[in-house]
Amino acid sequence: MITLLDYGAGNVRSVRNAIRKLGLEVTTVQNPEEIVTAEKLVFPGVGNFGVVMENLYRDGYAEHLIRRIKEDKPTFGICVALQALFEGSEESPGVAGLGIIPGQIKRFDDSVMAVPQIGWNGIRIEKEHTVFNGYNDEKLYFVHSYCAVPTEENRDWILTTTDYGQSFISSVAKGNVLATQFHPEKSGGAGLRLFGNFLKGIDTIAVGQLSNEKYETRIAKRIIACLDVRSNDRGDLVVTKGDQYDVREEGEVRNLGKPVELAGRYYEEGADEVTFLNITGFRDFPLQDQPMLEVLRKTSVNVFVPLTIGGGIREFTDSEGNHYSALDVASRYFRSGADKISIGSDAVYAVEQYLKDKQKTGQTAIEQISTVYGAQAVVISVDPRRVYVRNPEQTLHTTLKTKTPGPNGEQYCWYQCTVSGGREGRDIDVVQLVTVCEKLGAGEVLLNCIDKDGTNSGFDHELIALVKKAVSIPVIASSGAGSAAHFVEVFQQTDAEAALAAGIFHRSEVSISEVKDTVAKAGIEIR
Ligand code: 1PR
């Protein structure tokens, strides 16, 4: 029996599902004393260091955790739980950590790499441990902006280190206590094996091999499968796909499959992440009949890679006058199995307001959600469309000189942001949108392109390069993939951290494993 400490931290459902998948039973801590008495405790942590610590102190958990760890009882900490073992964090100055391991948690340097680190990276094993039994140098999933730095004082705790612009501590262990910065419950088969080794306490002589000191770990480019979901005219929830956002064919909504089944297939094929976009979420309130919550709950039972959900993340008042903040809506998604939420239309409105007032309000969905769950949990989904101009002076917006001239031979274009699934163009450009969203606390950009969507003609490299230059958060290239070679091109010609596709995967034209093989053969780091 595994005991889970659930104090309202992010996606605890996935941790619970992973434990069950390993054939173990799981119970949840009901009162603080159980933290000390539990046979094996899993201590997950997602989000902001200060919020996590506040919850631990508020519920009287902190002192019991310290006691448990000092008594060397089997404990597995995940992500911010690793950070909580240290004395404090730059993320929340003045908030004390549990103070078990010497040192402060520091922010990654965003002049070197995109921050947060989001994706699959390797580990360098610094001391032998049975948890690595059967571990085969696979990459594991990380998502964080802050990290623990190796020092002389904490050396006896270091189990693995990882490189991301610098070397950081990717797991710690002493006696029966172990904590990982990566998410075993989101790291596919490799993560489950590692998690199982600890939780089942396999009595094994085989321990993980120490890594060669010179071995450098490298983050992989991610390949993401995207499922645009909506109800068809018969009321069934289906995966659909548009051509330049038009999802109807002969009047009917295209039906390319069932969301949970397709997500399962992509996981098996090696997708690094799965994204669901509720494409009518801007007009229907997604918590009304809860279909997307159900999709997440069911998907997360068998899919152990990160899940992102978008569509309809905004505040809402229903017909009975019940008010839901964007944070309420996002929280429901996180608790149903989402690791990240993605905001489309509401981000555009928030940026318009910011450009008008020239100041933050603290009230936007981006700010509210990233304050509680961390920037890494907030993705901005951008739906831009090209607007061609003869010369840059014709507009106040940021233009670029394009290699694909407009219908009347125009050499320049800017990218207009849209809302409501591309139906309405607004007077802001993509550079304004992403730079302000980053300031407000977004942690990643999902960069669609209406002109390219469903065309199979390759990604819009000019757009991607423009956005990459404007922000230091990771960028997911999206729209237009028509072959495995297009993924190679986008990674060779831009610095995008990830590439996403929909149509080619749904129509089984190219499999995810084929894409990954092709990208790997081109010498690009891949999982
Ligand atoms: O505005 O916060 O409610 O979010 C709505 C979300 O739904 C946004 O993320 C928006 O991108 C998405 N959306 C709305 N309408 C559509 C539509 O297609 N009619 N889908 C839509 C966006 C674009 C991508 C697609 C890639 C790759 N689809 O997600 O998956 O373009 O496609 P491809 O590989 O087939 O070219 P809100």
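**Close-up views of the predicted model**

**View 1. Aromatic pairing in the predicted model.** The count of aromatic pairs comes to 13 in this structure, which is a predicted model. In one of these pairs, the ring centres of Phe108 and Tyr164 lie 5.2 Å apart with the planes at 70°, so the arrangement is edge-to-face; the cut-off for that class is over 60 degrees. The pair links distant parts of the chain, its two members being 56 residues apart. Phe108 belongs to the loop between strand 6 (104–107) and strand 7 (117–121), and Tyr164 to the loop between strand 11 (158–163) and strand 12 (167–174).

View 2. The side chain of Asp453 places an N or O atom 2.6 Å from an oxygen atom of the ligand. For Ser479, a side-chain N or O atom is likewise 2.6 Å from a ligand oxygen atom. Gly480 contributes through its backbone, with an N or O atom 2.9 Å from an oxygen atom of the ligand. On its own the ligand has 770 Å² of accessible area, of which the protein covers 99%.

Conventions: Residues numbered from 1 in each chain as written. Predicted model: local features only at pLDDT ≥ 70, side-chain atom pairs only at ≥ 80, totals over all residues. Heavy atoms only, no water. Polar contact = N/O pair within 3.5 Å; in protein donor to acceptor, adjacent residues only side chain to side chain. Areas by Shrake-Rupley, 256 points an atom, 1.4 Å probe, with all protein chains shown as cover. Phe/Tyr/Trp six-rings, centres within 6.5 Å; stacked < 30°, edge-to-face > 60°. Helix = DSSP H or I, 4+ residues; strand = E, 2+ residues; numbered from the N terminus.
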